[in-house]
Amino acid sequence: MATIVPSYLEDYVHPVIITSELSAQPFLDYTGSSEFFAPALRYDGSSSERNARELAEQARALDADVIVAIGAGKLADTAKNVAEILDLDLIIVPTLACACAAYSPYSVDYDDEHRFLGVPVHPRNSIALLVDSSLIARAGADKLVGGIGDTIAKWYESAPVFDQASDLTVFDRLAYHSAHLIHDMLLEESEPALEAVRAGDYDNELVRTLINTIIGLAGTVGGFGGVRARESGAHSVHDGLTHVAGSAATMHGEKVAYSVLVQLLVEGKESEVQALLPFYATIGLPHSWRQMNLEFTDGNLQTVADFAAAPDSPFHAAVPGVTPAQIIEAMRTLETLA
Ligand SMILES: [Zn+2]
């Protein structure tokens with residue numbers, strides 16, 4: 001799939017690629033090329049609005065009529081902003097499966113200190129999403145672990161919101177079932193898929209299924225379920241964690257996975273936490289600040305809890321009236337669980 005990207009560009013005159021330092025060479029190696037099929041701009045890794053504006057200016061100077069994003073989630077999100085600024089078609093070629101960013105029409109934007117700014121929904125989705133699981137698997141099992149963490153959250157974040165709603169449309173029900181299917185598949189098939197990747201068996205069916213689940217199936221949850229299915233407790237805690245010094249070193253999906261456990265404890269579902277911990281241990285997902293190399297201080301806990309329980313936080317959709325104290329207590333309990 002990655003080798004046939006140019007065949008999707010026949011209707012355009014000036015395609016412009018946006019890629020990253022980390023993704024450019026693996027893509028070229030995989031496609032057996034020494035250079036890109038179009039001018040390639042490098043993003044700065046920040047997923048910031050500022051960088052999107054800079055890249056849009058550079059693409060405009062190249063007379064771009066389509067943007068081709070080759071990279072991971074933050075790169076895809078940046079390219080969505082660039083495509084919106086320039087009102088251009090967008091084609092996304094993911095090189096990692098860390099989240100459903102490549103599938104979704106919204107982006108997670110940060111400032112220059114990697115503090116969370118917001119999640120704008122872009123008026124247009126990409127016109128093509130080219131998922132080559134054999135390319136993605138070559139990035140290694142560790143990267144997929146982050147994707148598993150972000151994707152398992154689809155069920156835990158959407159189910160309590162849907163369970164409390166009395167007005168589910170048929171599309172909401174599809175999102176609900178999709179989230180449940182994702183949950184079951186990840187719990188059963190993640191480990192053998194990771195084993196295959198570690199063994200260098202990139203064209204394995206389990207690997208393909210895992211990557212399609214992380215990028216595609218995960219995207220259907222928010223895609224059909226809308227705002228209610230998109231994020232609630234776990235992503236609120238995650239967004240709070242991005243305000244803690246040193247958190248950028250931990251992958252998005254790892255922080256989300258940790259945050260799923262915080263949400264479950266706030267919901268009073270400690271048995272579900274206990275049931276998930278062996279899975280986390282097997283896969284290598286963190287369940288403590290220790291494992292994320294973050295300082296477990298009163299001040300940091302307060303920062304996360306204040307952010308996650310803010311009046312406009314989507315955590316209230318899962319646990320109406322959630323307070324910072326409840327979140328701090330959950331994080332303290334979690335830190336003591338093995
Ligand atoms: Zn996420």
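Visitor: How many residues of strand 3 are buried?
Guide: Six of its six residues are buried, so count strand 3, residues 66-71, as mostly covered. Keep in mind that this is a predicted model.

Visitor: Which residues point which way from strand 3?
Guide: Val 66, Val 68 and Ile 70 point one way. Ile 67, Ala 69 and Gly 71 point the other way. Both sets are buried.

Visitor: What does strand 3 pair with over five bridges?
Guide: Strand 1, residues 15-19, in the parallel sense. Within that pairing, Thr 19 stands opposite Ile 70.

Visitor: And how many bridges join strand 3 to strand 4?
Guide: Six, and the two strands run parallel. Strand 4 covers residues 89-94. There, Ile 91 is the bridge partner of Val 68.

Visitor: What do strand 3, helix 3 and strand 4 make?
Guide: A right-handed β-α-β unit. Helix 3 spans residues 73-86.

Visitor: Zoom out. What is the strand order in the open sheet?
Guide: The order is 2-1-3-4-7, five strands with parallel pairing.

Visitor: Which strands stand at the edges?
Guide: Strand 2, at 40-42, and strand 7, at 128-129. Each has a single partner strand, so one side of each is left without a neighbour in the sheet.

Visitor: How is strand 7 joined to strand 4?
Guide: By two bridges, running parallel. Ala 128 in strand 7 stands opposite Ile 91.

Visitor: New topic. Which residues does UniProt list for "binding site"?
Guide: The record names Asp 150, His 235 and His 252. It is an unreviewed entry.

Visitor: Take Asp 150. Buried or exposed?
Guide: Buried, because its relative accessible area is 4% and the cut-off is under 20%. Asp 150 is found in helix 5, residues 141-163.

Visitor: What does Asp 150 touch, beyond residues up to four places away in sequence?
Guide: Both listed histidines, His 235 and His 252, are among its contacts. Cys 98, Ala 99, Cys 100, Gly 253 and Val 256 are there too.

Visitor: Why does His 252 count as partly exposed?
Guide: Because its relative accessibility is 25%, which falls between the 20% and 50% cut-offs. His 252 lies in helix 10, residues 252-266. Leaving out residues up to four places away in sequence, His 252 touches Tyr 110, Asp 150, His 235 and His 238.

Visitor: Now Asp 239. Where is it?
Guide: In helix 9, residues 233-241.

Visitor: Which side chain of opposite charge is nearest to Asp 239?
Guide: Lys 255, at 8.8 Å. Asp 239 is buried yet has no salt bridge.

Visitor: What is Asp 239 in contact with, then?
Guide: Phe 116 and Phe 307, leaving aside neighbours within four places in sequence.

Visitor: Last one. Where does Ser 104 sit?
Guide: In the loop between strand 4 and strand 5, the latter at 109-110. Ser 104 is buried, with a relative accessible area of 4%. Setting aside residues up to four places away in sequence, Ser 104 touches Lys 80 and Asn 125.

Conventions. Residues are numbered from 1 along each chain as its sequence is written. This is a predicted model: local features need pLDDT of at least 70, side-chain atom pairs count only at pLDDT 80 or more; totals for chains, interfaces and linings use all residues. Side-chain values use heavy atoms; hydrogens and water are left out. Helices (H or I, at least four residues) and strands (E, at least two) are DSSP runs, numbered from the N terminus. Buried means under 20% relative accessible area, exposed over 50%, partly exposed in between (1.4 Å probe, protein chains only). Lys and Arg count as positive and Asp and Glu as negative; His and the chain ends are not counted. A salt bridge is a side-chain nitrogen of Lys or Arg within 4 Å of a carboxyl oxygen of Asp or Glu. Contact means heavy atoms within 4.5 Å. Two strands pair if DSSP finds at least two bridges between them. A crossover is right-handed if, with the strands pointing away from the viewer, the path from the first strand over the helix to the second runs clockwise. UniProt positions are given in the numbering used here, feature names are shortened, and annotations may be inferred rather than shown by experiment.
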